Structure formats: C-alpha cells, structure tokens
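The sequence and the structure are shown first.

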Amino acid sequence: METEACEVLYRFFRTASEYIEGYRSDAPYPESFAFAGDSTALVATTGAAVNAVSVETGSAEIVGTVTGASAAVSAGSGAPFGSMQEIYAAVAQCSACVLGQTRTHPVAGEGPEELSRLTNSVEVMVIGEGPGADEDRQGRPFVGRAGQLLDKMLEAIQLSRKTNCYITNVVKCRPPQNRDPAPEERSCCAAFLDAQIRLLRPKMILVMGRIAAQHLLQTSDGIGKLRGRFFDYQGIPLMPTYHPSALLRDESLKRPAWEDLKRFRARLHELQAQG
C-alpha cells in the first residue's frame, strides 16, 4: 500500500475511533507511515482505541462497524456509515486535516430530509468543492451569493434542495481564504462523500466546478473540457458544469452553463420515464 494511501486510511480510522469515543485525541500523528504495504499494521494503530470502546460500552455492533472499515475502504464501497446522521456526527467530530482546526462549522450537506422531512426523494446530488465564508458561518452548503444562484439554476430544471435534490461538497470544512482544497484535504473527506453517494444512490450527479470534477473523475482536465459531458460514476450518470461563483465572475459563461443544464434535465427526464 502506498504511503499516501496509508496516511489517508490512518486518519480515517483515527477519526472513526474519536467519533465513537466522543472526544478528540491530542496524540500526535506519526511522523512517517512506515507500515506501507501492510494494511494489518495500519488497522492495528487504531485497534486498541476501538477495543477499549467495546469494553466500556459493550456495543459490539458499533465496534464491528469500525473494525470492519478496512475491508469496506479497500473494496471501494465507501465508509462504514449506516445513515446520513452517522455521517453528520462523524463530520462534526473530524480532525483528520488542518481544515478541522480553522472551521467555524462543518458543512456536511443538505437536502429534502433536512429541510422538509421528505425521505427517499433525492433524484439528483449536486457536488461542489467546499464551503465558503457564509457556509462556514451557517453550517449549510451553498447559502451565499453562489448558493442563491445555484438555487435558481436548479429551479430552472425542476430541482430543489427542499424536494428532490441533495447538495454537498468534496470537503466539508472551509479552506482558509477560500483557497482550493489541497489533495490531502480532499482525501481525508473522501470517505464521507463516498458514503453519501452510496446511501443516497441518486439517479444523476451534477458537479459544480473544476476542483470537484477533477476529484471525482480523477483527471487533470480543466472544466472547459469536462463541462456538458456525461461520465459514468459508479453506475450513475455524472455531468460537470461551471461553478456558480464562476458565473458571477464571468457572465459569458451563463449561456454554456444553461446549455449544460438543459442536457442534464433531458437525461434526467429519460431516467424518470424509465422508472
């Protein structure tokens, strides 16, 4: 196993154990991840903490979920979360990267169940890159100027976070000064996003902007090349388009973005007709 992958998994397991224990550990992270190539050693670094929880709480079900996380991550099936509420609780406890130290509020995501108590109604998942200042203050995704524009864009194609659309970001905490989230920060949040997609299983995914598109598609291509095209993501049609903040900066992008949205709507209607 590559050293970088070992570090990501270590941070994931440590965050999971801190979530179960209910507090953050002050212990420093290892200076190096020398157990590259041995995932058993990786799991062992957090196993003591997890086993301690089983003795204290007697909760074999919870502990089994965490100790089984290595198999889930290795198989690419997402983090071992059974509900969106478990993801939200884990995000709130997360200190896996530096963004957890500078945030005001984590911004896990928002959709019909959070706003209108409609369940099993998510047809589309919208994924941006990360929270901004307004989102960090309120703990909600896409609520600033870009978020208001996003709501109008979605409304134009019969989508709404209150009825049939779930909105989240690649990273769940605001990068300082709204800088691009670093690759290691995106990696630390990847288990959360993977689990959200797995739990919601939307009909389609709409990706806003370059960073989110490059992360999900594992490409270095720019948004100009990626936008308006459909990709298969774990069996789900995915389309990138311009981020609403880009449209606010450059109004000439609004027309191509609208063309993207019309194509997205047409494909969604096809899937809806198929049942």
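Two strands count as paired if DSSP finds at least two bridges between them. In β2, the bridge partner of valine 124 is cysteine 165. The model discussed here is predicted.

**The sheet**

β1 and β2 pair in the parallel sense, over five bridges. Isoleucine 127 stands opposite threonine 168 of β2. Strands of a sheet pair through backbone hydrogen bonds, in either a parallel or an antiparallel sense. These two strands belong to an open sheet of five strands, with the order β2-β1-β3-β5-β4 and mixed pairing. β2 (165-169) and β4 (231-233) stand at the edges with a single partner strand each, so one side of each has no neighbour in the sheet. On average, neighbouring strands of this sheet are turned by 30° against each other, direction ignored.

How many of the five residues of β2 are buried? Five of the five are, so β2 is largely enclosed by the rest of the structure. A residue is taken as buried when its relative accessible area is under 20%. In a regular strand the side chains alternate between the two faces of the sheet. Both faces of β2 are covered, as the table sets out.

| Face of β2 | Buried residues |
|---|---|
| One side | Cys165, Ile167, Asn169 |

Helix α14 spans residues 254-274, 21 residues in total, and reaches 30 Å from its first C-alpha to its last, which is close to the 30 Å expected at 1.5 Å a residue.

Which residues of α14 are buried? They are Ala257, Asp260, Leu261, Phe264 and Leu268. Seen down the axis of α14, these buried residues fall within an arc of 95°, and they therefore line one face of the helix. The cover over the buried residues of α14 includes the strands β1 (124-128), β3 (204-208) and β5 (236-241). It also includes the helices α9 (145-156) and α13 (244-249). On the other side of α14, Arg255 and Ala273 are exposed. Just after α14, glycine 275 adopts a positive phi of about 85°.

Conventions: Residues numbered from 1 in each chain as written. Predicted model: local features only at pLDDT ≥ 70, side-chain atom pairs only at ≥ 80, totals over all residues. Heavy atoms only, no water. Helix = DSSP H or I, 4+ residues; strand = E, 2+ residues; numbered from the N terminus. Expected span 1.5 Å × (residues − 1). Buried < 20%, exposed > 50% of the residue type's maximum accessible area, 1.4 Å probe, protein only. Arc of directions from axis to C-beta. Contact = heavy atoms within 4.5 Å. Axes fitted to C-alpha atoms, helices over the stretch in contact; angles between N-to-C directions.
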